[in-house]
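Please read the following report with the sequence and the model side by side.

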Amino acid sequence: MPHFFSRLQEGNPRSITAMLLAVAFFSAMDTLIKALSAHYPPLQIAAMRGALTLPLIALWIQWRGAWVEVWRARWPLHLLRGALVIAMLVLFTVGVRGLPLTNAYTLMFFAPLLITVLAWPVLGERVPRAHWWAVGGGLLGVLVALRPSAEGFASWAGLAVLGAAVCYAVSAVVTRLASRTDSKDSLVLWVMVILTVVAGALAAPQWLPLRAQDLGLWAGLAASGFLGQLAITEAFRHGQASAVAPFEYTALAWSLGIDWALWQLLPDGFTLLGAAIIVGSGLYVLRHEQVHATAEHP
């Protein structure tokens, strides 16, 4: 993976390519979670996600000689982040068990706007008025997607995914706090350790034997999650966030294709309208940041 990225052009084109790869890997991971959720409890899937990825992360840290950095850790923040990631994975697994990926991604796209809300009181970041308008627009998109009807997804599955989006947003803010003192390797390693140990202990009473026909799915889950993490780290390391972040919305195209190819499902007009409102609100924030950054640094 590092050798592949090194051949790409420096700057935004390289980072955009990395983001596109990250979205593809994470879309594959979510598809595998949805497939496995038909046979295994959510907590077991969360525990296996950590246990299978942990050796790959350890090898990555060993290869780079970064073990010294991982021991500098603010443990309360790591424990909180681990708890949030467990909750997020469990809720997302519950959600995609009953929803198409497109519907689930529509609700998860609200997370970046929730981060905007939390950045002011937790991180002390100034939130421009334009961002609050975007948050309001995103909330409207969620309400459109969560329409209370028999065909809508104002259901336990939809609410579970919305809960996963909240956990993701809070964990992202906690990650920002921890990253002020802790290394990226520390952040990646310890969350997987916590995920493996805590989710594994909680899942133990209802643990199901792994079926032989699912071993390939588990291996794919580990590989896609690990490669997605490397790619998204690479995406934001070299490029401008305002240039790279919009390409995260290509996940919607992946979900549409996967839903149709594997389950012959297509979203209805309300789902697409809600997604358009949420994505448009997110792009508005990114465009606002890009314009102001250009004005301050012409």
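Trp 71 is exposed, because its relative accessible area is 55% and exposed means over 50%, buried under 20%, and partly exposed in between (1.4 Å probe, protein chains only). Trp 71 sits in the loop between α4 (67-70) and α5 (75-98). Helices here are DSSP runs (H or I, at least four residues), strands are runs of E of at least two, and both are numbered from the N terminus. Together with Trp 75 and Leu 79, Trp 71 makes a nonpolar surface patch of about 370 Å². Such patches are made of residues with over 30% relative accessible area and no salt bridge; nonpolar side chains (Val, Leu, Ile, Met, Phe, Trp, Tyr) are joined within 5 Å, like charges within 9 Å.

The model is predicted: local features need pLDDT of at least 70, side-chain atom pairs count only at pLDDT 80 or more, and totals for chains, interfaces and linings use all residues. Residues are numbered from 1 along each chain as its sequence is written, and side-chain values use heavy atoms, with hydrogens and water left out.

**The chain as a whole**

The protein chain has 14 helices and 0 strands. Of its 298 residues, 48% count as buried. The accessible surface of the chain comes to about 14,400 Å², and 69% of this belongs to carbon and sulfur atoms. These areas come from the Shrake-Rupley method with a 1.4 Å probe, and for residues only the protein chains shown count as cover. Contact means heavy atoms within 4.5 Å. Among contacts between residues at least 6 apart in sequence, 88% join residues at least 24 apart.

**Helix α10**

What span should the 20 residues of helix α10 have, at 1.5 Å a residue? The expected span of a helix is 1.5 Å times one less than its number of residues. For α10 (residues 184-203) this gives 28 Å, and the end C-alpha atoms are 28 Å apart, so the two agree. The buried residues of α10 include Asp 185, Leu 189, Trp 190, Met 192 and Gly 200. An α-helix has 3.6 residues a turn, so residues three or four places apart point the same way. The buried residues of α10 pack against α3 (42-64), α4, α5 and α9 (156-179).

Pro 76 is in helix α5 and counts as exposed, at 64% relative accessibility. The C-alpha atoms of Pro 76 and Ala 178 are separated by 9.6 Å, although the two residues are 102 apart along the chain.

Gly 228 lies in helix α11 (residues 215-238). Is Gly 228 buried or exposed? Gly 228 counts as buried because its relative accessibility is 0%. Leaving aside neighbours within four places in sequence, Gly 228 is in contact with Ala 22, Phe 25 and Phe 26.

Ser 27 is found in helix α2 (residues 12-36) and is buried, with a relative accessible area of 1%. A polar atom of the Ser 27 side chain lies 2.8 Å from the backbone oxygen of Val 23. Not counting residues up to four places away in sequence, Ser 27 touches Tyr 105, Ala 251, Trp 254 and Ile 258.

**Salt bridges**

A salt bridge is a side-chain nitrogen of Lys or Arg within 4 Å of a carboxyl oxygen of Asp or Glu. By this rule the count comes to 3 salt bridges.

| Pair | N to O distance |
|---|---|
| Arg 14 and Glu 234 | 2.7 Å |
| Asp 185 and Arg 64 | 2.7 Å |
| Arg 211 and Asp 214 | 2.7 Å |

Arg 14 forms its salt bridge with Glu 234. This pair links distant parts of the chain, with Arg 14 in helix α2 and Glu 234 in helix α11, 220 residues apart. Arg 14 is buried at 8% relative accessible area, and Glu 234 is buried at 9%.

Asp 185 and Arg 64 meet through their side chains. This pair also links distant parts of the chain: Asp 185 is in helix α10 and Arg 64 in helix α3, 121 residues apart. Asp 185 is buried at 8%, whereas Arg 64 is partly exposed at 39%.

In the pair of Arg 211 and Asp 214, Arg 211 counts as partly exposed at 31% relative accessibility, and Asp 214 counts as buried at 3%.

Terms used:
A polar contact is a pair of N or O atoms within 3.5 Å; within protein, one must be able to donate a hydrogen and the other to accept it, and residues adjacent in sequence count only if both atoms are side-chain atoms.
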